[in-house]
Amino acid sequence: MLSTTKCFAWRLRFPFRLPNVFSTSLYSSNPAAVQTTKHPEVRPLEDIPGVSGKSALPYVGSIFLSKSLDYKLDDVQVKTFCSQLQKKFGDIVRIRIKNNWGVFIFDPDLAKEVLEIQLKYPYRPPVDILRVYNDRHKLSQSLVTLNGEAWARLRKPAQQLMLRPLAVSAYVDTLSKVAEDFVQKYQDGGTIEDLRPVLVDYATESVGMLCFNRRFGCMDKTGIIDIKFIEDIFDAVDVDSKSLGFKPYLYVSTPMYRKFKRALDHVYSVFQVEIKNALSTLEKVKAEGKLEEYLEKPNLLYSLLSHPKMTPADVDRTLLDLFIAGIESTSNTLSLLWFELAKNQDKQEKLYKEISSVCGNGDVTKEALANMSYLKACVRETMRIYSPTSPGSYRRFDKDVVLGGYHIPAGTELVLCFQQMCEDPRLFKSPEKFLPERFMRDDTTLTEEYKNTNPFAILPFGFGPRSCIGQRFAETEMHVLTAKFFRRFKASLLPDTNKTMEYKYRTFAVPKNAVPLTITPRV
Ligand code: HEM
């Protein structure tokens, strides 16, 4: 029998915490709006298959529901919980979330309907512990702690720079040298004891370049950022996200908050120095009349500072968000991708052939990457097998809407379970297999039934105005390094390595155990 704490825990393992739903004012549906959406064919929310009886009671319903499902509290419990909901009720499920209703969606066409509802300011629950830290230190809030107009004001300038198509070529230039240094480190081959930490170093070095146009020295351990602190930040965010809404750190200094504060103080102090140095370099090159030449290289910091609507404080907070979000995400996805490539030697060979034929004797350029469709399919397939976040995306509308013929009152919490969709054999044939070919239109090795995938079943970076702002950077970072590395080395798992990857969620999917790799230089 699960304890009450455990029963609640599923609710708190979402990558981005659900909001405090005790505030009824947020959730009371507007009767006028209900009327406008009513239609003879539109059925009420209560008709959505889901909980009844005690499990439908406000506040305590989720306890009864959890008891009625056979799920175990483990690191992938949100996944287990969602799978059980789907098994029991179907592809659209209504459950109680505190005093509100939550609707879980397992059908890509319904997910599409949700995502296509235009919202100027899509809401996402803020990263609370960071919000509190900022308040306490009288710092401005940032992308991950803001919503509404305040969020949009910060998002717009950063998005213009980071997600425009031209950004990719700038990123290739930025990242190529970092990736080359990574590959050089292993030029003689040998064994990498654990992939994750070395890829964390690469990701930190890369995102340091994005933010400050300078090398931090993470890959040769002379770095000014102590990576341990980044992990402490994610640990604390993770613990906070399981806190059942009880936040003692709001009143007393808890060990968890102290850990978070110590880590963020460190990162923030490095940032202060970096920003100061970057500004004095700019002053210097301006005084020397070399600004134009200096800015030939992409310079996010300068571009954000020059934006008329960004204050220096906004810039500093935006860069900090990018820096922190940018490390755990790509390093873990890369670890999982390389594990799959080492496990599936035939796929690795196919990738090697693509890289060699596209690059010839030349470098991995932007043009070359544009022609590496198998590489991109490998990354996509990795994110299908190991959904980077669990269970998927979250939406909440401030007006009533109709979805799949059901009336959804304003404030209902909608959870789009992409993780389950990605593992659904109706949507992806043989979902347990690593088959990048399913995303290759021109490939003839798989039959059409493998390839008939619905794009709304796999959205690892989210969708729409609030999707991942780092998507292009992250993809380029993974593509450049993977192309350079697998062109140079053949990688295999050690003979006693478990072929089933065990992983957990710490906001992002993280391998539970060390991932060792043997690498042999290709001649
Ligand atoms: C494999 C790599 C990555 C994955 C899978 C990923 C995934 C996501 C997802 C799912 C979201 C939330 C989208 C939503 O709520 O609809 C998000 C938001 C965000 N990501 Fe990423 N991300 C990755 C890499 C990065 C990188 C490299 C950066 C920074 C350079 C970054 C910065 C951010 C930021 C700042 C947000 C919040 C955006 C906002 O609220 O406006 N991410 N990411």
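Which residue in S11 is the bridge partner of Gly190? The legends below refer to a predicted model.

**View 1. Gly190 and its bridge partner in S11.** The partner of Gly190 is Ile519. Strand S11 covers residues 517-521. S3 and S11 run antiparallel and are joined by 3 bridges.

**View 2. An open sheet of 3 strands.** The strand order is S3-S11-S8, and the pairing is antiparallel. Strand S3 (190-192) lies at one edge and strand S8 (489-492) at the other. Each of these edge strands pairs on one side only. On average, neighbouring strands of this sheet are turned by 30° against each other, direction ignored.

**View 3. The iron atom of the ligand and Cys468.** The protein gives this iron atom a single donor, the SG atom of Cys468. The distance from Cys468 (SG) to the iron atom is 2.3 Å. Cys468 sits in a loop. Helix H20 (448-451) and helix H21 (471-488) are the helices on either side of that loop.

**View 4. A nonpolar patch on the surface.** Leu57, Tyr59 and Val60 make up the patch. Together they have about 230 Å² of accessible area.

**View 5. Tyr59, a member of the nonpolar patch.** Tyr59 is placed in the loop between helix H3 (31-37) and helix H4 (61-68). Its relative accessibility is 35%, so Tyr59 counts as partly exposed. That class lies between buried, under 20%, and exposed, over 50%.

Definitions and conventions
Residues are numbered from 1 along each chain as its sequence is written. This is a predicted model: local features need pLDDT of at least 70, side-chain atom pairs count only at pLDDT 80 or more; totals for chains, interfaces and linings use all residues. Side-chain values use heavy atoms; hydrogens and water are left out. Patches are made of residues with over 30% relative accessible area and no salt bridge: like charges are joined within 9 Å, nonpolar side chains (Val, Leu, Ile, Met, Phe, Trp, Tyr) within 5 Å. Accessible areas come from the Shrake-Rupley method with a 1.4 Å probe; for residues, only the protein chains shown count as cover. A salt bridge is a side-chain nitrogen of Lys or Arg within 4 Å of a carboxyl oxygen of Asp or Glu. Helices (H or I, at least four residues) and strands (E, at least two) are DSSP runs, numbered from the N terminus. Buried means under 20% relative accessible area, exposed over 50%, partly exposed in between (1.4 Å probe, protein chains only). Donors are N, O and S atoms within 2.8 Å of the metal (3.2 Å for Na, K and Ca); water is not among the atoms, so sites may look incomplete. Two strands pair if DSSP finds at least two bridges between them. Axes are lines fitted to C-alpha atoms, for helices over the stretch in contact, and angles run from 0 to 180 degrees between N-to-C directions.
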